[in-house]
Amino acid sequence: MDKMLIRGGRPLRGTTTVSGSKNAALPILMASLLTSEPVVLHNVPRLRDVRTAISLLEGLGAKARWLDEHSLELHAAQVTGYEASYDLVKTMRASFVVLGPILARTGRARVSTPGGCAIGARPVNLHIGGLRALGARIQLRNGYVEARAEHLTGARLWLDNPSVGATENIMMAAALGQGHTTIENAAREPEVQDLGRLLVAMGARITGTGTHVIAIEGVARLHGAEHRVIPDRIEAGSLMVAAAITGGDVVVENAPVEQLDAVITKLRETGVNVTAQNGGLRVVADGALQPIELRTLPYPGFPTDLQAQMMALLTQAAGTSVITETIFENRFMHAQELLRMGADIVMKGATAVVRGPARLSGAPVMATDLRASMGLILAGLAADQETAVSRVYHLDRGYEALDQKLQALGAAIERVAE
Ligand code: EPZ
């Protein structure tokens, strides 16, 4: 297993580019099962999670072919399987959104429930409730969701909370159903909107993505389409924090500026200068960082997927910051490792109080999820001496060529075999 060695203390400078969005690409890949015609996707990030999703689709009978570095053709002429195994779903929870597409296409699906994960319980009750409302007969047996439906029929749904995955699963199932579905209190995340755009390009009749109420008029068949995946707002935010935490000056090209309002606002509150430049964002940090209060929320609120990175940054702010995590109940695992690097953080329930500026010193650290790992890399960039972040496979799940991108900005980061 590889680890990342980082020698901190170098201000990052230069220009970097954001890759395609992981969390947009994954459900979009699953949507290719909804048609027997080819779906061509551009700007697909080369990530471990994307490889896992492709294996899942191939296991169901789809053919996958890379047309170039970031363009992928998926063709599910026939769907020969109907199962997503425990081994797959436990390595990548996003596999669970294959349930809606398999069921809508074949009338039958068997998908493992994901179980708990490093950041919280993450149940799937809203996915199941939604598909049941569309007429699916669902049983939970031997750790699997077993679903059947000769046809899915439209329904009016209200989600208890605006779950991204549940909204996507229900949208895909209802798109190929009969009649009219409305999803109220739907997730508004840009990734849901991107999936909506692909489905519409495939012939689906969907309106309201990006709002709290999504309306879907089911159609009998969907056709092939070509689609460009949106840039990754979480990767963009992570690179912006890398500039900020090192006192750097970095242009993040291809950053989806309009999706980053909350992140830009919070970074500016810390005293970092963020301006639009060349279709992206320039981040300049040349003064002392100020403490802030931060609360994670569903989009357009501050994303939970950037909370760990901001915590690393706030260890360097002069004063007391307060972070409240409202999406996942156990997403402060990185704080324990930051403490080992010299941070001053007190946690109580969903709140973390971060006092700074702390002098971080390099240490061997590891994290149990992707964004926590990124938080530790960022802390390493600001720390004295060497930080070794192990379990790099977490980073490989969601950040394309991270070491190369940071190296090109002047970071001393190196990937070594453990
Ligand atoms: C998506 O996960 C993302 N993953 C996550 O990114 C992201 O953190 C999360 O949305 C929130 O923005 C993908 O898009 C592949 P949710 P998802 O359903 O869909 C509760 C990363 O690092 N809930 O919106 O699984 C749930 O427990 C990952 O890239 C239910 O109660 O998130 C959580 O508290 C991590 N019942 C809240 O809703 C359900 O049936 C939001 O979860 C479903 C969810």
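Pro300 sits in the loop that runs between strand 18 (293-295) and helix 10 (307-314). The model is a predicted one, and in it the peptide bond from Tyr299 to Pro300 is cis, with omega near 10 degrees. A cis peptide bond also joins Gly356 and Pro357, where omega is about 0 degrees. Pro357 belongs to the loop between strand 21 (351-356) and strand 22 (364-366).

Some backbone features concern phi. Arg391 is not a glycine, yet its phi is positive, near 60 degrees. Arg391 lies in the loop between strand 23 (386-390) and helix 13 (393-398). Ala401 is placed in the loop between helix 13 and helix 14 (402-408). Its relative accessibility is 32%, so Ala401 too counts as partly exposed.

The largest nonpolar core has 74 residues. Leu29, Met30, Leu34, Val98, Met171, Ile183 and Leu199 are the residues with the most contacts inside this core. Helix 1 (residues 22-31) supplies the largest share of the core, 7 residues. Apart from this core lies another, of 70 residues, which includes Ile264, Ala312, Leu314 and Leu376.

Two of the residues with the most contacts in the largest core, Met30 and Val98, can be followed in detail. Leaving out residues up to four places away in sequence, Met30 touches Ala53, Leu56, Leu57, Met92, Ala94, Ser95, Val97, Val98, Pro101 and Met172. Val98 lies in the loop between helix 3 (86-91) and helix 4. Although Val98 is in a loop, its relative accessibility is 0%, and it therefore counts as buried. On the same exclusion of residues up to four places away, Val98 touches Met30, Leu33, Leu56, Leu60, Ala84 and Val111. The C-alpha atom of Val98 is separated by 37 Å from that of Thr15, which is 83 residues away along the chain.

Just after helix 4, Gly107 takes a positive phi of about 85 degrees.

Helix 5 (residues 125-133) has Leu126, His127, Ile128, Gly130 and Leu131 as its buried residues. Among the elements that cover them are helix 4 (99-106), strand 8 (137-141), strand 9 (144-148), strand 10 (156-158) and helix 6 (164-175). After helix 5 comes Gly135, with a positive phi near 100 degrees.

The remaining part of this account concerns helix 12 and its contacts. The axes of helix 11 (residues 333-340) and helix 12 (residues 370-382) come within 9 Å and cross at roughly 20 degrees. This angle makes helix 11 roughly parallel to helix 12, because angles under 35 degrees count as roughly parallel. The crossing of helix 11 with helix 12 is right-handed. On the side of helix 11, His334, Glu337 and Leu338 take part, and they meet Ala372, Leu376 and Ala379 of helix 12. By class, this contact of helix 11 with helix 12 has 4 nonpolar, 1 polar and 1 charged residues. Leu376 is also among the residues of the 70-residue core.

Helix 12 packs with helix 8 (residues 233-245) as well, at an angle of about 20 degrees and with the axes 9 Å apart. Helix 8 and helix 12 are therefore roughly parallel to each other, and their crossing is right-handed. Helix 8 contributes Ile234, Ser238, Val241, Ala242 and Ile245 to the contact, while helix 12 contributes Arg371, Met374, Leu378, Ala379, Leu381 and Ala382. The residues of this contact of helix 8 with helix 12 divide into 9 nonpolar, 1 polar and 1 charged. Ala379 takes part in the contact with helix 11 and in the contact with helix 8.

Notes. Residues are numbered from 1 along each chain as its sequence is written. This is a predicted model: local features need pLDDT of at least 70, side-chain atom pairs count only at pLDDT 80 or more; totals for chains, interfaces and linings use all residues. Side-chain values use heavy atoms; hydrogens and water are left out. A nonpolar core is a set of buried Ala, Val, Leu, Ile, Met, Phe, Trp, Tyr and Cys residues joined through side-chain atoms within 4.5 Å. Buried means under 20% relative accessible area, exposed over 50%, partly exposed in between (1.4 Å probe, protein chains only). Helices (H or I, at least four residues) and strands (E, at least two) are DSSP runs, numbered from the N terminus. Contact means heavy atoms within 4.5 Å. Axes are lines fitted to C-alpha atoms, for helices over the stretch in contact, and angles run from 0 to 180 degrees between N-to-C directions. Angles under 35 degrees count as roughly parallel, over 145 as roughly antiparallel, 65 to 115 as roughly perpendicular and the rest as oblique. A crossing is left-handed if the near helix is turned anticlockwise from the far one by less than a right angle, and right-handed if clockwise. Ala, Val, Leu, Ile, Met, Phe, Trp, Tyr, Cys and Pro count as nonpolar, Asp, Glu, Lys and Arg as charged, and the others, Gly among them, as polar.
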